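I am opening a notebook on this structure and will write down what I looked up, one entry at a time.

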Amino acid sequence: MKRQIFTADHEAFRETVRTFLAKEVTPYYAQWEQDGIVSRDAWRAAGRQGLLGLAVPEEYGGGGTTDFRYSAVLAEEFTRAGAPGLAVGLHNDIIGPYLTTLATDEQKRRWLPGFCSGELITAIAMTEPGAGSDLQGIRTAATDHGDHWSLNGSKTFISNGILADLVIVVARTTPEGGAHGLSLLVVERGMDGFERGRNLDKIGQKAQDTAELFFHDVRVPKENLLGELNGAFLHLMTHLAQERMGIAVAGIAGAEHLLEITTRYVKEREAFGRPLARLQHIRFEIAEMATECAVTRAFLDRCIADHSAGELDAVHASMAKWWATELHKRVADRCLQLHGGYGYMAEFPVAKAYTDGRIQTIYGGTTEIMKEIIGRSLLG
């Protein structure tokens, strides 16, 4: 079915993204996976190409558009290229809104130009060794010392953790229990007491640096409080829908791409003297996956359009996130099976997609959390 949500401008942007990937990412990606980290040069190249800070006002060097369809194009093309390591979606769609909506004018002047140029790489530090989706379990704390905060604690599974020049840290700023005594503090590279631990060894997304972060009496200036004091819970809830949409878009794009390469493979691969595609079981497998992808695509495109218009709610974003990522997981497993032994070989795209995509049902809120959000909205 022909997609209805993109204009000629969006498709022109898609060609720009594809050209960027072919020139600045694909030739170097295997080396980045070996290194466990992407080159900072790629971030600067993305900035020069106008791929960073799409929603940042033009006065700070950004694209000046809040049209989420451009972000969807980026997510789709990076997924098709098998290049999640250069985490522009994290930078643009998850961290960007915190800076554009919560930062003071002084903070915007200080941070946004580098954010858009690729000179300033960002991360958000929420997850802790003992607290994942449960914000009430956060123990990292900041003590008020008049002109600064003293920050102590640790975070884990932080994407861009090694490269990041600016880290938005979720910290407890009041001794009261619960999730409502949390604030967002911006920790910058070079601050005394800010240390990075291991670049964690994951089963997939090898080029994406994911790190442990440690804070030992880090002196965070009061000027680095982002948003309202003790207001982090509301700030986080406000922007989670966009984060989940970005993951959902990558999920359906990944499933569709896997279906494409597997369809080609079963047409070419022969068994028992004829192409696999001639076997009824194979045709049924392809038919089922194609139908599931088509139905999911229709829902996701509606969600993309609604979000671009500012009309998508958290419940439908949660539906999109859990359904698209679980679909990707099922499709990846079935496509790998159809590739047989070749599907288990690391150099085959289906194997890489299988391991790279597995995290999608976990980060940004697990499938179980998404179902809980939906269930509460329906049942109270």
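Entry, charges over rings. I began with Arg-330, which in this predicted model lies over the face of Trp-323, at 5.4 Å from the ring centre. I then asked how far the charged end of Lys-222 is from the centre of the ring of Trp-149. I found the charged end of Lys-222 sitting over that ring, with 5.0 Å to the centre.

Entry, ring pairs. I looked up the aromatic pairs next, and the count comes to seven. I noted that Tyr-29 and Trp-32 form one that is edge-to-face, with 5.9 Å from centre to centre and 65° between the planes. Both residues belong to helix α2, where they are three residues apart, about one turn of the helix. Are they buried or exposed, given that buried means under 20% relative accessible area? Tyr-29 has 7% relative accessibility and therefore counts as buried, and Trp-32, at 5%, counts as buried too. I also wrote down an edge-to-face pair formed by Trp-322 and Trp-323, at 5.4 Å centre to centre and with 80° between the planes. Here Trp-323, the residue whose face has Arg-330 over it, counts as partly exposed because its relative accessibility is 36%. Returning to the other pair, I saw that ring pairs link Tyr-28, Tyr-29 and Trp-32 into a cluster.

Entry, nonpolar cores. Which residues touch the most other members of the largest nonpolar core? Of its 60 residues, I found these to be Phe-20, Phe-78, Leu-86 and Met-245. Several helices supply at least two residues each to this core, including α1 (8-25), α4 (68-80) and α9 (314-338), while α7 gives the most, with eleven residues. To see one member in its surroundings I followed Leu-86, which, leaving aside residues up to four places away in sequence, touches Phe-20, Val-25, Val-38, Ala-42, Trp-43 and Phe-78. Apart from this core I found another, of 29 residues, with Ala-87, Leu-102, Trp-111 and Ala-179 among them. As background I noted that in soluble globular proteins nonpolar side chains tend to be buried together.

Entry, helix α8. I checked the length of α8 last: its 29 residues, at 1.5 Å a residue, should span 42 Å, and the end C-alpha atoms are 41 Å apart, so the two values agree. Just after α8, I noted that Gly-310 takes a positive phi of about 75°.

How values were computed. Residues numbered from 1 in each chain as written. Predicted model: local features only at pLDDT ≥ 70, side-chain atom pairs only at ≥ 80, totals over all residues. Heavy atoms only, no water. Core = buried A, V, L, I, M, F, W, Y, C linked by side-chain atoms within 4.5 Å. Buried < 20%, exposed > 50% of the residue type's maximum accessible area, 1.4 Å probe, protein only. Helix = DSSP H or I, 4+ residues; strand = E, 2+ residues; numbered from the N terminus. Contact = heavy atoms within 4.5 Å. Phe/Tyr/Trp six-rings, centres within 6.5 Å; stacked < 30°, edge-to-face > 60°. Lys NZ or Arg CZ within 6 Å of the ring centre and 35° of its normal. Expected span 1.5 Å × (residues − 1).
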